[in-house]
Number of protein chains: 2
Amino acid sequence: MARIFNFSAGPAMLPESVLSQAAEEMLDWQGTGMSVMEMSHRGKAFVEIAARAEQDLRDLLQVPAGYKVLFLQGGATGQFSAIPKNLIGDKRSADYINTGSWSKKAIAEAKQTIGVNVVAQSDNKDLLGIPAESIWQCDPEAAYFHYCANETITGVEFPTIPSVEHAPLVCDMSSTFLSRPIDVSRFGLIYAGAQKNFGPAGLVVVIVREDLLDRAQPDTPSVWHYKAQAEADSMLNTPATYSWYIAGLVFQWLKAQGGLAAVGERNERKAKRLYNAIDSSSFYHNPVEPSARSWMNVPFVLANSDLDKTFLDEAAAAGLHTLKGHRSVGGMRASIYNAMPEAGVEALVDFMQTFEKQHG
Amino acid sequence: MARIFNFSAGPAMLPESVLSQAAEEMLDWQGTGMSVMEMSHRGKAFVEIAARAEQDLRDLLQVPAGYKVLFLQGGATGQFSAIPKNLIGDKRSADYINTGSWSKKAIAEAKQTIGVNVVAQSDNKDLLGIPAESIWQCDPEAAYFHYCANETITGVEFPTIPSVEHAPLVCDMSSTFLSRPIDVSRFGLIYAGAQKNFGPAGLVVVIVREDLLDRAQPDTPSVWHYKAQAEADSMLNTPATYSWYIAGLVFQWLKAQGGLAAVGERNERKAKRLYNAIDSSSFYHNPVEPSARSWMNVPFVLANSDLDKTFLDEAAAAGLHTLKGHRSVGGMRASIYNAMPEAGVEALVDFMQTFEKQHG
């Protein structure tokens, strides 16, 4: 079968050239006679692969001096637990803003370790958005301030980095990481699961400011102990070597695309094309206020939900897959991460317009 | 370059047919138009891959009713932390036997959560072995009894399952898992990192008796919470999907080899061939008492350690790689997991005999 356009919220599409290279190198990486999967993480070949991936990531994000970049396991959900354990120091609570499902999960897990002060929450069901900073009830004694850059289920995204000065800013960037340039210096810690924008599930990248490395609880699991992992170049235990390698190939691909400025422009074009198609129709609707609309996850409902199944079936027949919305919100969702080509968005828009003519 | 014989202690060799299939399916898994890496873990295709892998594993090990099989992240080192958190219940301490480096790491991590009673330790530097059960100082109130089936650095292995009745038996089987049949009913919990005998690093399998699922501390990280993961079919968070798929291919390969009885016979032949070559020479030496010699990791020293580098260089030139012993013990180590063919062991023995004639 031909490759499809896969609008999955994650795991999600990867660049075809990355997959092709991985397939070609599967039995013999660059003349070593081994698959990357078979390499000792202590061996010269893998150490080179790992170091290059880290450097390429630093280049792409222009990570300033004074930050460690870690390649860990357990996904962003593991970090929900690891972050309070690593950053609690002598504090008793942390600030969290609740903008949706992923914020809620992070809050629930943090509460096992630290007090949580919810500074604000999105609760307008009709017009989803980000609560204005002016109403946030922050705690000046917070160990850190946590937010989720983009809620994948509702498609609600912070348009800018919050103006937080009272505590280190911590961001779950799983679904926007590497989708555009970002000023890393604004953050104490950024974390991102790989399976949306840059690699296979099972890898999480943590970028952490070095002055935050001395605050861990003694019972922090060693695989997530930032200081210990930083000192061990993320190899305190055997890392997810193959996932790290694939992420490295994606970083090379991102550089070849022109870096994050070019990638960000393309992602913005893709999102605008799709939102414009939705807004210019009375058949499709997106309930998020324009300033907070996600570039990565575009949920929409049909005017008549009885047509949902027909829409999904006909879309799949047209090579447009995994468009079903999350069960908690219904309707459709098109996730259009880095590896979704503009042609995929064009094909979706064409399909939507044709479908509306036939059924609207 | 031709494929090499890779004696790495882990990550380690995988069956060539598994790698070939993975390469062929990389861009399009069975007509779906997607790589397994790109599939939603909630989608029909991946759910089938995951379920088949679990069933094949249950078949191979003849897992009895009443056990959950989990596919988690964070490796065995993550489990060093997860096990006491999940199994502590209303107890205060657990029994651990210390037979080497991996036991020590498990003990150190457990101590962050639970009291540790070390029942015995291997300390004879001249003849390494397993302390006799008759001298173990067990605690009748232990939450569980933990042992490491095989210490990869010294090559010391339990010849049989310990006769433990006073507490659930917990085993780190990372380096022997699936290398021979095992009576799962003897265990409360078995765990194994994938990267030695059955897959890529970044995946850990946990087999846990269902009556042990109600003992977790409230602050157990959800990604490692056995009960929560069991209820979610290991998909409480996004699992390491690609690693799970590769493990499934290895399970299929093991079945095609005739199952664990046949694989175990081959592994025993491989180990005996190598130990016989060592024992019949005065040039090579293995310091482990015969009853506790590992089938998986065969360390040996040369009579003259000045020849170590020459041995390694000439071995590599002959296609025999990653034979250097762990820095803590020096000398050589041949790790001969499931995917190391008998031809690899024959080639190593031939090389060792030739090297001895030239340099002995």
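Visitor: By what turn can chain B be laid on chain A?

Guide: Chain B falls on chain A with an RMSD of 0.0 Å and a shift of 0.0 Å along the axis, the copies being superposed by least squares on C-alpha atoms of residues with pLDDT of at least 70 in both. That is the relation of a two-fold axis. The turn is 180°.

This is a predicted model, in which local features need pLDDT of at least 70, side-chain atom pairs count only at pLDDT 80 or more, and totals for chains, interfaces and linings use all residues. Residues are numbered from 1 along each chain as its sequence is written, chains are lettered from A and ligands numbered from 1 in the order written, and side-chain values use heavy atoms, without hydrogens and water.

Visitor: What area do domain 1 of chain A and domain 2 of chain A bury between them?

Guide: An automatic or database assignment gives domain 1 (17-256) and domain 2 (259-359) in chain A. Buried area is the accessible area (1.4 Å probe) that two parts lose on being put together, summed over both. Of the area between these domains of chain A, 58% is on carbon and sulfur atoms, and the total is about 2100 Å².

Visitor: How many residue pairs are in polar contact across the interface of domain 1 of chain A and domain 2 of chain A?

Guide: A polar contact is a pair of N or O atoms within 3.5 Å; within protein, one must be able to donate a hydrogen and the other to accept it, and residues adjacent in sequence count only if both atoms are side-chain atoms. With both residues at pLDDT 80 or more, the number of pairs across this interface is 13.
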